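Open the model in your viewer and keep the selection tool ready. Each stop gives something to select and what is there.

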Amino acid sequence: MGPKLVHIPTSKAGKRRIRLSLARWKKIELFQVFAMTGLTLLAIFMLLPIVFIMNHAFKPISELFLYPPRFWTNQPTLFNFQQLLLKSQTTVIPFSRYLFNSVLTTLVTVAGTIFVSSMAAYAFAKQRFIGRELFFSFTIVALMFAPETVAIPRYLVIANLGIMDTFLVHVLPLLAAPVGVFLMKQFMEQIPNELIEAAKIDGAKEFVVFFRIALPICMPAVATIGILAFQGSWSQTETSVLFTHTESMKTLPYFTMTLTNGLANNVVGQGVAAAAGLMMFVPNLVVFLLFQRRVLNTMAHSGIK
Amino acid sequence: MSSAAIMKRRWRALLTTLWKQRVSYLFIAPFMICFTVFIVIPIVLANALAFFSFDAISMPTFIGWDNFLAILTQDRIFLQNAIPNTFKFAIIVGPLGYSLSFLLAWLIHQLPKRIRDIFTIAIYTPSLSAGVAMSVVWLVIFNGDRIGYFNNFLLSIGVVQDPQLWLQDPQYFMNIMIIVSLWASMGVGFLAMLAGLQTVNTELYEAGAIDGISNRLQEIYYITIPAIKPQMLFGAIMSVVGTLKAGAIGALLAGSPITPQYSGHLITNHIEDYAFIRYELGYASALSVVLLLLVYGSSRLSFRLFSSKGEE
């Protein structure tokens, strides 16, 4: 029942493909070299800020305000990180508690967002029911509303729900991700109806079709939503500032924010801020690479469309 | 048969259909519940506020269409700065950022599989690190004294005699905003198009080659774009919505919510100004309703443009 069955090429087509790719081999090579040179130059330019952030965190005070400013640091030091550690030891709640809160809420949010958005997207893309267009157009219009004025009504709603100061408030509001649903729907639409019908004739229920066929085919989209959900949850301070009162319910970005608040103007503060920024940023990179690998490794399913 | 009986029968028919489709409702339920509670209700409340005068402390008082009248007749900064700035910004950054996203996604897809993700992360990081990068990189680059990289560079090659105040001069501010936004425009749409390219059936290209497609431009036009049309539409909508709703960038570059002489003042900045500085929340809500209408109109337009282009 898995999608692989559909993809297995006949030996004849396989041979033809080999011959064709041999014929185009030289052309591709030349083009790839050209594309790579251009992209490498651009990539270096795009990566400059990251290089700067990485190096900034390791600069000693004497280099932080150097003229002319430099991207690379001459004498890398862990002084900024020591300062950060020292500062974090003076707080009542241990650093590990914030870290635990952040990791837990982010994991639940990412898993939840993927699950909730792709289920809704599957129904929007592949099922017929009353109100389908209406509900979906609500989702799209919601994307367009400027979030600034919604802050107060949102606060009122959350306060009246009674989920203030719980773990739920870190997760539930983020599960409503119209972008994720929209993105996923665009991918789910491309699954051939024949495939789904064939599975249903074989006796598969909707949930089985969703989990065994729709989700595996849309792995690239799942990974993309995962990346977005992680970024949305990992570095946001809004929940901690507005919707929690207890210090032990707050998350890591809030903690680093309190450390660097009011410090950015003095010389030592710059270093601490850079170290904290780097610490918050690195998980983003790691998660991105992990998920992006998944996008590339699902090439096996590409024969479906 | 009495009309009551007909009504009853219709109701029953409707209920049976709904019951038959219960699985679909089960599928969308988790999303729709969260969505209604955390997005729809707040938006409806915010829209209602547009007809009130509300300062966040005393009770809102109903004033009807007055807020909208004031926007159209009295708000000079909105009409003379925010609207033209937003359109200039969106018309340049939207299409250009979108084409860049597609082009780069496509170029990355041409590379060998093993090194693709390195380039992906390089192109994507600017939008990932926007907040961090902005404060430590672009502000340093466009710093107004001799320390700024750009001034430093121009001074050393002798183009200017004195350091320019790039971020304080209304003349340059908008252009710098556009450059920085373009640099950070490879976001969700870029990722979606890249992921879409991975799902294109490679046999299509071979079939195309047999049918006489000879160069890459033809390949893009006849095979790639039709094959990833849903992702391209997603990218288009996201870039329309993203550029019209943009606003954080000017505030970050200027270091204050109001840009120099309103040179980079976008509609969103105007809303923030009224919501968080003047605390005229009713007026801010009316402004965001106007913005919603603008974004909605433009995205309908791009829906139409896009589907007609794709169907050729």
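The model on screen is predicted.

**Stop 1: a helix pair.** Select residues 95-126 of chain A, helix α5, and residues 168-175 of chain A, helix α8. Their axes come within 9 Å and cross at roughly 25°. α5(A) and α8(A) are therefore roughly parallel to each other. Which hand does the crossing of α5(A) and α8(A) have, left or right? It is right-handed.

**Stop 2: the residues between them.** On α5(A), show Thr105(A), Val108(A), Thr109(A), Gly112(A), Thr113(A) and Val116(A). Facing them from α8(A) are His170(A), Val171(A), Leu174(A) and Leu175(A). Colour this contact by class: five residues are nonpolar, five are polar and none is charged.

**Stop 3: chain A against chain B.** Now bring up both chains. Here 79 residues of chain A are in contact with 77 residues of chain B. Elements giving two or more residues to chain A's side include α5, α8, α12 (219-234) and α15 (267-297). Which element gives the most? Select α2(A), with 16 residues; this helix spans 11-57. By class, chain A's side divides into 56 nonpolar, 16 polar and seven charged residues.

**Stop 4: Leu195(A).** Zoom to helix α10, residues 193-201 of chain A, and pick Leu195(A) within it. Leu195(A) has 17 C-beta neighbours inside 10 Å, so it counts as partly exposed. Finally, draw a C-alpha to C-alpha distance from Leu195(A) to Val209(A): it is 9.4 Å, with the two residues 14 apart in sequence.

Key:
Residues numbered from 1 in each chain as written. Chains lettered and ligands numbered in written order. Predicted model: local features only at pLDDT ≥ 70, side-chain atom pairs only at ≥ 80, totals over all residues. Axes fitted to C-alpha atoms, helices over the stretch in contact; angles between N-to-C directions. Helix = DSSP H or I, 4+ residues; strand = E, 2+ residues; numbered from the N terminus. Parallel < 35°, antiparallel > 145°, perpendicular 65-115°, else oblique. Left-handed = near helix turned anticlockwise from the far one by under 90°. Contact = placed C-beta atoms within 7 Å. Nonpolar A, V, L, I, M, F, W, Y, C, P; charged D, E, K, R; others polar. Buried ≥ 20, exposed ≤ 12 C-beta atoms within 10 Å, placed from the backbone.
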